[in-house]
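Reader: Could you walk me through this one? I am new to it and would like to take the side chains a topic at a time.

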Amino acid sequence: MNNGSNNWNVPYSQITWFSILLDSHGNVEDFERSQDIVFDVKRKNQKDSIRIVCLNKYTMGQTMVSRILNEFEGVNIIYIGGNWNGYTSEAKEFCVDSNIGIYVSGEISGALWKNEFWSYYKKDEDGNRVMFIREE
């Protein structure tokens, strides 16, 4: 994998970590990386392709979601990085309503298995939804 450059300040270590996750995921047949942070992923079970933008954003709000959708055509999932990161409730609601996934590292693996990947929610031991909501 080559180190490129991007205008989103996503470090190469984040891109490498995400590539390793995709490479070892049981429902990922293959993937290609472009524009440094865009991953086109072929899924095995669904026999489809989804486009993921790999970021490292502490708080992902609605303005940033709109910027991503304007800059990167055909985005299906916005991956925002580690479990210390989060998204606003407004951004999450918009993404779910638009059939776009928005996830941190603790959620992305589960979402890749789901047919309707945008509606995946991690659950705790009691079956309650776990979300990574953070207000700006």
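**Rings and cysteines**

Author: Let us begin with Tyr79, which is buried, with a relative accessible area of 1%; please keep in mind that this is a predicted model.

Reader: Which ring does Tyr79 stack with?

Author: Seven aromatic pairs are counted. In one of them, the rings of Trp17 and Tyr79 have centres 6.2 Å apart and planes at 10°, so this pair is stacked. Trp17 belongs to helix α1 (residues 12-24) and Tyr79 to strand β5 (residues 77-79), so the pair ties together parts that lie 62 residues apart in sequence.

Reader: And is Trp17 buried, exposed or partly exposed?

Author: Trp17 is partly exposed, at a relative accessible area of 40%.

Reader: How are the rings of Phe18 and Phe39 arranged?

Author: Their planes stand at 80° with the centres 5.1 Å apart, so Phe18 and Phe39 make an edge-to-face pair. Phe18 counts as buried at 0% relative accessibility, and Phe39 is likewise buried, with a relative accessible area of 0%. Both belong to one aromatic cluster, formed by Trp17, Phe18, Phe31, Phe39 and Tyr79.

Reader: Changing topic, how many disulfides are there?

Author: The count is zero. Cys54 is in no disulfide, and the nearest cysteine sulfur, that of Cys95, is 16 Å away.

Reader: Last one: which charged end sits over the ring of Trp8?

Author: That is Arg67, whose charged end is 3.8 Å from the ring centre of Trp8.

Note on methods: Residues numbered from 1 in each chain as written. Predicted model: local features only at pLDDT ≥ 70, side-chain atom pairs only at ≥ 80, totals over all residues. Heavy atoms only, no water. Disulfide = S-S within 2.5 Å. Phe/Tyr/Trp six-rings, centres within 6.5 Å; stacked < 30°, edge-to-face > 60°. Helix = DSSP H or I, 4+ residues; strand = E, 2+ residues; numbered from the N terminus. Buried < 20%, exposed > 50% of the residue type's maximum accessible area, 1.4 Å probe, protein only. Lys NZ or Arg CZ within 6 Å of the ring centre and 35° of its normal.
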